[in-house]
Amino acid sequence: MNTNNQSSSTPNSVEPKTPMSSTSNYYHPSPSRTIYSDRFIPCRSSSNFALFDISTPPPSAGGEDGVGSSSAAYTALLRTALFGSDLGFAGSPVTPDRKSVNRNIFRFKSETRLSCHSLCPVGFDDQLIGVVHAPVKAPRKVAKAPYKILDAPALQDDFYLNLVDWSSYNVLAVGLGNCVYLWNACSSKVTKLCDLGVDDSVCSVGWAQHGTHIAVGTNNGKVQIWDASRCKRIRTMEGHRLRVGALAWSSSMLSSGSRDKSILQRDPRAQEDFVSKLSGHKSEVCGLKWSYDNRELASGGNDNKLFVWNQHSTQPILKYCEHTAAVKAIAWSPHLNGLLASGGGTADRCIRFWNTNTNSHLSCMDTGSQVCNLVWSKNVNELVSTHGYSQNQIVVWRYPTMSKLATLTGHTYRVLYLAISPDGQTIVTGAGDETLRFWNVFPSPKNQNTESEIGALSFGRTHIR
């Protein structure tokens with residue numbers, strides 16, 4: 001093949017080079033030769049914009065009504081926005097012929113040196129038009145003082161009891177001695193629900209998930225069902241031999257845990273006092289919680305064990321034995337199915353997290369104090385723990401980092417009781433110092449700066465009875 005003929009027929013071909021030769025000192029590009037780079041950057045100055053039919057119309061196109069002039073102005077603005085204002089191709093449009101159509105619309109642009117900052121899609125210039133800088137979100141502040149304190153005389157200082165619960169109708173139930181009192185959070189009205197008499201005392205209270213029914217566990221081993229709207233007892237159910245210190249409602253069942261080491265499953269609609277008996281704990285049952293989907297029941301006992309049951313089992317389907325003290329504090333996550341938190345007593349002091357779907361232990365946090373209660377926020381992925389020996393504190397945690405958002409103090413005895421308001425923003429804590437304290441700790445699900453309806457009530461200290 002004739003090399004010279006090939007070169008003449010293909011003007012863009014490159015002359016052959018000697019292998020391993022260096023061109024750093026002797027290579028001088030021709031000034032008439034355009035050097036192209038490997039990046040496709042349009043060179044608009046050499047483009048045929050007549051193909052886009054947006055060239056400037058002749059001056060005679062405008063009419064008396066201004067339609068032609070406004071159209072020309074729009075075309076000019078469109079051309080400037082698309083291709084820049086420095087192209088300088090004003091004039092009559094050029095009709096493309098077939099040869100120009102077959103050519104490339106854009107040509108490669110010669111390589112230019114850009115700063116490294118120009119590669120950033122946002123840029124480093126604060127005055128860039130159209131760039132909106134998001135403000136830095138300030139950390140959420142939690143009030144360190146309770147906004148309301150209620151005196152609760154005869155509130156027992158007993159770790160194994162559960163004497164405070166908050167209903168979906170915004171009514172707080174508190175067991176004081178042998179009586180149960182109801183405090184309406186909207187009106188601050190106090191109502192005496194029941195009096196068990198001098199021979200009995202209240203050991204636990206638990207509202208149904210919906211409605212006005214409340215269960216009361218007694219020291220004599222009975223469970224009473226009351227209609228709080230009428231202050232009328234509906235029925236009394238037996239089955240336990242010793243005190244009932246833990247109650248938990250599912251959508252249709254009521255579970256009761258006792259010092260006799262058993263858990264009874266009750267259906268208030270059935271004639272029988274209980275439909276099944278769960279056996280497994282070797283000491284008093286002091287913690288009970290149904291999962292949010294009502295499929296699993298978690299129980300904690302003074303035997304340092306945490307068990308998980310399903311709707312039909314009479315033996316635990318999961319057993320967790322890592323705690324080294326009584327397990328009263330139990331909370332299911334409303335954000336992740338199967339995520340369970342538990343807290344241990346004085347000798348343990350730890351909050352542990354479990355995945356009941358995979359039967360795995362996820363993490364452990366040593367709090368330094370007896371863990372009395374746990375509750376998860378339904379608005380944000382945070383939880384609150386209350387503590388006893390030796391600091392008597394309340395801690396707000398961010399999950400899963402378990403970083404402390406706030407530490408609240410004020411109780412002078414162990415913070416044994418905890419409940420959360422139906423709007424998910426306020427918690428109430430109770431202690432052996434015979435006070436109930438209300439704290440705004442969680443944000444609203446819609447507006448994190450909105451003060452809860454309960455928190456907007458008057459400040460001050462009043463009596464629960």
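## Burial at Phe-438

Trp-183 is buried, as is Phe-438, where buried stands for under 20% relative accessible area, exposed for over 50% and partly exposed for values in between, with a 1.4 Å probe and protein chains only. Tyr-147 and Phe-438 are likewise both buried.

The model is predicted, so that local features need pLDDT of at least 70 and side-chain atom pairs count only at pLDDT 80 or more, while totals for chains, interfaces and linings use all residues. Residues are numbered from 1 along each chain as its sequence is written, and side-chain values use heavy atoms, with hydrogens and water left out.

## Aromatic pairs

Rings of Phe, Tyr and Trp (its six-membered ring) pair if their centres lie within 6.5 Å, with planes under 30 degrees apart counted as stacked, over 60 as edge-to-face and the rest as tilted. By this rule there are 9 aromatic pairs. One of them is the tilted pair of Tyr-147 and Phe-438, with 6.1 Å centre to centre and 50° between the planes. Because Tyr-147 lies in the loop between helix 3 (98–102) and strand 1 (148–151) and Phe-438 in strand 28 (residues 435–440), this pair ties together parts that are 291 residues apart in sequence; helices (H or I, at least four residues) and strands (E, at least two) are DSSP runs numbered from the N terminus.

Trp-183 and Phe-438 also form a tilted pair, at 5.0 Å centre to centre and 45° between the planes. Tyr-147, Trp-166, Trp-183 and Phe-438 form one aromatic cluster.

## Charges over rings

The charged end of Lys-319 sits over the ring of Phe-307, 5.8 Å from its centre, the criterion being NZ of Lys or CZ of Arg within 6 Å of the ring centre and within 35 degrees of the ring normal.
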